[in-house]
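This report describes one protein chain, going from particular side-chain pairs to the chain as a whole. Please look at the sequence and the structure before reading on.

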Amino acid sequence: MELNFDGFQRTLQGLLRLNRYYKVRRRVFAIVILSALAAAVLEGLGIGLLIPMLELLRTSAPEKPMKAVELLKSWMPGFSQSIYTVALCLIVVCSVTLKNVFLYIGTNAAARMRATALVNLRDIIFRRMQYADIAVYETHTSGELASVITHDTGATAYAIEYLVFLFQRVSMAGCYVIVMLFISWELSLLSALLAVICGSTLGFAYRRLRRAGRELGEANQEVSSHLIEALSATKLIRTTNSQEREIEKFYRLNETSAAVQKEAVQATALLVPVT
């Protein structure tokens with residue numbers, strides 16, 4: 001799957017250039033960042049303790065317990081396996097609960113930051129328009145100027161919201177990697193290899209699907225154009241006795257369109273096992 005890194009870079013640079021106009025409080029920005037990091041750490045903790053907890057649920061104790069179980073036994077020596085299992089369950093439940101609390105706090109702070117940036121951007125643009133040169137109003141319609149205040153600033157606010165969401169997910173992904181390395185580096189390498197294979201398969205399938213979609217649009221356009229031309233020139237076709245030629249041409253166009261549709265379905269079928 002091809003990613004538009006150039007577009008993402010331009011969007012990020014544009015947001016940074018407008019940073020001085022947002023007037024977002026540093027406290028709110030710090031809450032967004034810290035809550036995302038805290039949620040990512042708690043997510044990694046909860047996921048990382050699931051496998052050791054399943055290990056404790058086994059009827060027979062393993063020869064070599066996992067690192068998390070060893071740490072728990074060193075902190076709480078002398079207890080039975082059921083007590084360790086309950087302790088891990090409580091830690092997982094608490095970590096998941098706290099993660100959701102931090103995500104809620106971060107989402108609210110991000111919404112406040114987005115609203116503040118949106119209000120301040122619209123305010124400063126409207127202020128500058130009020131004192132702008134009259135030539136601006138002569139060369140642009142009122143609708144175009146209003147679109148700058150409403151649509152463009154709204155797109156900027158949505159970009160801020162998307163970056164916050166992206167930061168949260170990247171943080172969680174980083175914690176997943178750390179937890180996997182802590183549990184087993186061999187499993188981490190295997191998972192990385194599997195991710196590369198799945199990514200390559202997805203990229204190949206999406207390229208085929210995009211090409212098939214483009215070709216399907218062109219094929220359907222040709223079929224539609226031929227139908228309009230043939231139906232609008234029915235008298236001429238019958239005068240020149242060209243019915244069979246038009247039927248054959250329409251049949252070939254239909255075959256091309258069906259073949260492209262088949263390729264699109266095959267490309268979509270490649271996504272099912274991976275996703």
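How many salt bridges does the count come to? The model is a predicted one, and in it the count comes to five salt bridges.

| Salt bridge | Distance, N to O |
|---|---|
| Lys99 and Glu43 | 2.9 Å |
| Asp123 and Arg127 | 2.8 Å |
| Arg245 and Glu246 | 3.8 Å |

The side chains of Lys99 and Glu43 meet in a salt bridge. Lys99 belongs to helix 5 and Glu43 to helix 3 (residues 26–56), so this pair ties together parts that lie 56 residues apart in sequence. Lys99 has a relative accessibility of 13% and counts as buried. Glu43 is also buried, at 13%.

Asp123 and Arg127 form another salt bridge. Both residues lie in helix 5, four residues apart, which is about one turn of the helix. Asp123 is partly exposed at 37% relative accessibility, whereas Arg127 is exposed at 52%. The cut-off for exposed is over 50%.

In the salt bridge of Arg245 and Glu246, Arg245 is exposed, with 58% relative accessibility. Glu246 is buried, because its relative accessible area is 18% and buried means under 20%.

What does the count of disulfides come to? The count is zero. Among the cysteines, Cys89 is partly exposed, with a relative accessible area of 30%, and Cys94 is partly exposed at 44%.

Is Gln168 buried or exposed? Gln168 is buried, at 8% relative accessibility. The residue is found in helix 7 (residues 142–183). Apart from neighbours within four places in sequence, Gln168 is in contact with Ala36 and Leu103.

The chain as a whole has 10 helices and zero strands. Of its 275 residues, 28% are buried. Among contacts with a separation of 6 or more, 77% are between residues 24 or more positions apart. The accessible surface of the chain is about 19,000 Å², and carbon and sulfur atoms account for 65% of that surface.

The last topic is confidence. The average pLDDT of the chain is 78, and 84% of the residues score at least 70.

Notes
Residues numbered from 1 in each chain as written. Predicted model: local features only at pLDDT ≥ 70, side-chain atom pairs only at ≥ 80, totals over all residues. Heavy atoms only, no water. pLDDT = per-residue confidence, 0-100. Helix = DSSP H or I, 4+ residues; strand = E, 2+ residues; numbered from the N terminus. Buried < 20%, exposed > 50% of the residue type's maximum accessible area, 1.4 Å probe, protein only. Contact = heavy atoms within 4.5 Å. Areas by Shrake-Rupley, 256 points an atom, 1.4 Å probe, with all protein chains shown as cover. Disulfide = S-S within 2.5 Å. Salt bridge = Lys/Arg side-chain N within 4 Å of Asp/Glu carboxyl O.
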